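This report goes through a single protein chain, from its overall make-up to selected residues. Please keep the sequence and the structure at hand while reading.

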Amino acid sequence: MTTLTALREKRASKTDALRAIQARAQTENRDALTDAEQSAFDSGKAEIEALDRQIRNAEFLAEAERREGGEPVGEPGSPDLSRYSIARAMRCGMTGTFDGLEGELHAELSRGRETRGVMIPTTVLLGEARSQTAGTGSAGGFTVQTNVAPLADRFRPALRVEAMGATVLRNLSGIMDLPNLASSGTAAWVAENGNATRSAVTFAKVPMAPKTVTGEYRLSRRLILQSNEAIEDLMRRDLGLILAQALDAAAIKGGATNQPVGILANSGVEEVTAATDLTDTAADLIAALELDDVMGTAAFLTNPTVVNAARKIKDGEGHNISLAETFHGQRLEVTTQVPNNGGDPVKQNLIYGLWSELVVGYWSAVDILVNPYHADVASNGGALIHAFLDADVAVRHVEAFRYAEV
């Protein structure tokens with residue numbers, strides 16, 4: 001049977017998960033949650049409401065059992081001794097008139113005993129409760145249970161790709177081809193009664209196929225027993241988030257073995273030579289798309305190093321130039337998911353593109369499996385938590401993106 005403490009910890013863990021969903025949307029400056037986030041939020045809300053009912057029931061039973069058990073053995077009841085007055089008790093003993101809290105406790109403590117004065121609880125007179133401190137093990141610290149607050153999540157890189165406006169395809173099956181009109185025919189001016197000039201169009205396709213990213217954690221038997229549901233819930237969420245982080249990074253670059261090919265690793269995405277001034281480089285990136293007739297809501301994506309340098313740009317009078325001016329009023333997003341150039345700390349990537357031309361395809365949701373039967377854990381009572389995600393990314397039109405090393 002799940003204990004009241006375990007229920008409260010599980011509720012705290014679920015609440016933290018909902019806060020994380022809301023915080024992610026606020027961090028990414030979104031006014032609303034995505035469909036997936038709203039679904040997860042609604043599911044978590046329902047679980048919390050169910051836990052609230054279980055907690056109320058458990059609290060009622062705990063209170064009923066406490067009342068049913070009667071008074072503890074030893075000193076009577078559990079009275080509020082903060083109102084107890086030793087001086088008044090002494091006066092009761094001197095006058096032989098016992099009343100109030102002091103009289104009640106004297107009557108209880110002297111029941112069945114022959115007394116000559118006034119009976120005072122030892123916790124009041126001898127200060128036994130005050131001398132037993134949790135800080136010293138032999139003085140009572142060994143009896144104090146160690147409580148652990150709900151686990152807090154770590155700081156994570158901002159996941160920007162889908163928030164930038166990437167096209168998301170879900171519930172895919174089989175191989176996915178994205179057909180494109182590669183080139184149009186030609187138009188020609190003709191004389192009166194002249195014949196039209198025949199031409200043809202050409203087509204191309206960008207294929208997508210599922211690629212699997214996985215994660216796995218091992219839980220020991222003692223960790224499972226001692227941390228109850230809180231650690232498992234956190235690790236499940238953490239696995240899902242690290243898979244999403246891996247996909248986000250692959251969409252930005254990727255290209256390694258078994259990875260999707262993202263923007264920076266796509267050989268068709270052209271590099272723009274960086275100018276001396278960052279604002280000129282931004283202008284050249286914008287112009288490169290305009291010269292290819294790429295129109296729409298485009299945006300910059302880069303890492304904190306580039307933005308930090310941009311914040312320090314000053315005019316001739318020493319005044320800082322705003323980021324809006326440096327990037328010509330275009331949207332700018334930042335994340336540590338954008339890598340530097342091959343490990344070179346000097347060269348950083350600045351990406352500009354029409355992000356709807358980046359397609360993210362999902363062949364599965366995040367599939368999480370708790371496996372206590374694996375050979376590594378079956379004999380010692382532990383468990384493995386596996387997580388799988390099948391997805392791919394594709395740049396539908398490579399001319400919709402440019403990047404520069406700044």
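**The chain as a whole**

The model is predicted. The protein chain holds eleven helices and 13 strands. Of its 406 residues, 33% count as buried. Among contacts with a separation of 6 or more, 72% are between residues 24 or more positions apart. The accessible surface of the chain is about 24,700 Å², and carbon and sulfur atoms account for 52% of that area.

**The largest pocket**

The largest pocket has about 1,500 Å³ of space. Its lining consists of 42 residues, and those nearest the centre are Arg24, Ala36, Ala40, Leu241 and Val366. Helix H1 (4-27), helix H2 (35-68), H7 and strand E10 (358-362) each give two or more residues to this lining. H7 gives the most, with ten residues.

**Salt bridges**

Side chains of opposite charge can pair when their charged atoms come close. In this model the count of salt bridges comes to eleven. Three of them are listed here.

| Pair | Closest N to O distance |
|---|---|
| Arg11 and Asp52 | 2.4 Å |
| Arg402 and Glu270 | 3.9 Å |

The salt bridge between Arg11 and Asp52 links distant parts of the chain, with Arg11 in helix H1 and Asp52 in helix H2, 41 residues apart. Arg11 has a relative accessible area of 29% and is therefore partly exposed. Asp52, at 22%, is also partly exposed.

Arg402 takes part in a salt bridge with Glu270, and this pair joins strand E13 (residues 401-405) to strand E5 across 132 residues. Is Arg402 buried or exposed? Its relative accessibility is 5%, so Arg402 counts as buried. Glu270 is partly exposed, with a relative accessible area of 48%.

Asp292 sits in the loop between helix H8 (278-291) and strand E6 (299-302), and 110 residues separate the two partners. Asp292 counts as partly exposed because its relative accessibility is 35%.

A further group, made up of Arg24, Arg30 and Glu37, is joined into one network by salt bridges that share partners. Glu37 belongs to helix H2 and is buried, at 10% relative accessible area. Leaving aside residues up to four places away in sequence, Glu37 touches Ile21, Arg24 and Arg30.

**Surface and loop residues**

Which residues form a nonpolar patch on the surface? They are Leu181, Val201 and Phe203, which together have about 320 Å² of accessible area. Val201 lies in the loop between strand E2 (176-183) and strand E3 (202-208). With 41% relative accessibility, Val201 counts as partly exposed.

The loop between E2 and E3 also holds Asn193. Most residues other than glycine have a negative phi. Asn193 has a positive phi of about 65° although it is not a glycine. At 72% relative accessibility, Asn193 counts as exposed.

Asn258 likewise has a positive phi, near 70°. Asn258 is in the loop between helix H7 (221-252) and strand E5 (270-271). Its relative accessibility is 64%, so Asn258 counts as exposed.

Terms used: Residues numbered from 1 in each chain as written. Predicted model: local features only at pLDDT ≥ 70, side-chain atom pairs only at ≥ 80, totals over all residues. Heavy atoms only, no water. Patch = residues over 30% accessible without salt bridge, like charges linked within 9 Å, V, L, I, M, F, W, Y side chains within 5 Å. Areas by Shrake-Rupley, 256 points an atom, 1.4 Å probe, with all protein chains shown as cover. Salt bridge = Lys/Arg side-chain N within 4 Å of Asp/Glu carboxyl O. Helix = DSSP H or I, 4+ residues; strand = E, 2+ residues; numbered from the N terminus. Buried < 20%, exposed > 50% of the residue type's maximum accessible area, 1.4 Å probe, protein only. Contact = heavy atoms within 4.5 Å. 1 Å grid on protein atoms, 1.4 Å probe; cavity = no way out; pocket = protein on both sides within 12 Å on 5 of 7 lines; lining within 4 Å. Points joined across faces, edges and corners; volume = space filled by probe spheres on them.
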